[in-house]
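This report looks at charged side-chain pairs and at one packing of helices. Please keep the sequence and the model in view while reading.

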Amino acid sequence: MTDNTLATAPASRTALTLLGTGAMGTALARAWLAAGHPVTVWNRTPARAGALAAEGAAVAATAADAVAASRLVVVCLLDDASVGEALEHADLTGRDLVNLTTGTPAEGRTRAAWAESRGARFLDGGIMAVPPMIGAPESGGYVFYSGSRALFEEHRGTLAVPAGTRWVGADPGFAALHDVALLSAMSGLFAGITHAFALIRREDLDPVGFAPLLASWLTAMTPAAHRTAEQLASGDYTTGVVSNLAMQSAGNTTLLRTAEEQGVSPELLTPYTALMARRVADGHGDEDGVGMIDLLVRPAARV
């Protein structure tokens, strides 16, 4: 039986408080309510909690009241500043605070120290899902968690109700770091898709027919992530290279000329092509592209 399956009577389910009933917060609350968990909710705009009240949630008048209602407190607000504002007057002594608000690694670490200084255990989370994926086990959505391992293990079953759980370390900043790293990769992917469709936009080409070609090509390229990881781990950027950086950089001229011919701005390509040319100019043309990672990492941040 999986974490997302109701295995016991609803009365035995962990009670929890949820601060924030935006689109994601509402989806989370509905998943827990559907699984039989008593849920207390609070939102800065009370009317936004009305639908959840109709579905069985208790609505607290203040964030402090909501925190007092449950030992397990989940926060899903706009940003880290709003978390601090919402919890300013709440008594966190003995509470288990799970922060699912999107933030940076530094914010996660600072918020963990802040929560612990006020008597709470803390767990930070990075949600790798959109609201429709919450409460749908087949969707593939999951949440990165980092911080108190004891808190995570104690509440793992409850946390797994809305989406899968992935523990990534005791460092409270690691959940946000994983979250933002994956989202950053997604942004680069979307940039490439955007440029590709721009190239064909003014031609007599069916974008619907082009899409499967684009999707299958990108899928075929994704194993490069594993090779990059192996090269970073070994420190060997040249063994087994099939298309070296010098060759790739030379080929970029064709990409840029084609953009010009098609009347398409190259602004989504030029940062990457410039970085590649810089690495080649530094004498690393025989490498694979992994060496560009070292150019991006500022010296003070390198380990």
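How many salt bridges does a search of the whole structure find? In this predicted model, the search of the whole structure gives 12 salt bridges. Side chains of opposite charge can pair when their charged atoms come close.

| Salt bridge | Distance, N to O |
|---|---|
| Glu154 and Arg71 | 2.6 Å |
| Arg121 and Asp96 | 2.7 Å |
| Arg109 and Asp171 | 2.8 Å |

**Glu154 and Arg71.** The side chains of Glu154 and Arg71 meet in a salt bridge. Because Glu154 belongs to helix H6 (residues 149-159) while Arg71 sits in the loop between helix H3 (63-69) and strand E4 (72-75), the pair ties together parts that are 83 residues apart in sequence. Glu154 is partly exposed, with a relative accessible area of 42%, and Arg71 is likewise partly exposed, with a relative accessible area of 41%.

**Arg121 and Asp96.** A salt bridge also joins the side chains of Arg121 and Asp96. This pair links distant parts of the chain, with Arg121 in strand E6 (residues 121-128) and Asp96 in strand E5 (residues 96-99), 25 residues apart. Is Asp96 buried or exposed? At 1% relative accessibility, Asp96 counts as buried, because buried means under 20% relative accessible area, whereas Arg121, at 25% relative accessibility, counts as partly exposed.

**Arg109 and Asp171.** In the salt bridge between the side chains of Arg109 and Asp171, distant parts of the chain are again linked, since Arg109 lies in helix H5 (residues 105-117) and Asp171 in the loop between strand E8 (164-167) and helix H7 (174-200), 62 residues apart. Arg109 counts as partly exposed at 36% relative accessibility, and Asp171 is partly exposed with a relative accessible area of 25%.

**Helices H7 and H8.** The axes of H7 and helix H8 (residues 207-221) come within 11 Å and cross at roughly 145°, and H7 passes H8 in a right-handed crossing. On the H7 side, Leu189, Ile193, Ala196, Phe197 and Ile200 take part in the contact, meeting Pro207, Phe210, Ala211, Leu214 and Leu218 in H8. Sorted by class, this contact of H7 with H8 holds 10 nonpolar residues, with no polar and no charged ones.

Notes:
Residues are numbered from 1 along each chain as its sequence is written. This is a predicted model: local features need pLDDT of at least 70, side-chain atom pairs count only at pLDDT 80 or more; totals for chains, interfaces and linings use all residues. Side-chain values use heavy atoms; hydrogens and water are left out. A salt bridge is a side-chain nitrogen of Lys or Arg within 4 Å of a carboxyl oxygen of Asp or Glu. Helices (H or I, at least four residues) and strands (E, at least two) are DSSP runs, numbered from the N terminus. Buried means under 20% relative accessible area, exposed over 50%, partly exposed in between (1.4 Å probe, protein chains only). Axes are lines fitted to C-alpha atoms, for helices over the stretch in contact, and angles run from 0 to 180 degrees between N-to-C directions. A crossing is left-handed if the near helix is turned anticlockwise from the far one by less than a right angle, and right-handed if clockwise. Contact means heavy atoms within 4.5 Å. Ala, Val, Leu, Ile, Met, Phe, Trp, Tyr, Cys and Pro count as nonpolar, Asp, Glu, Lys and Arg as charged, and the others, Gly among them, as polar.
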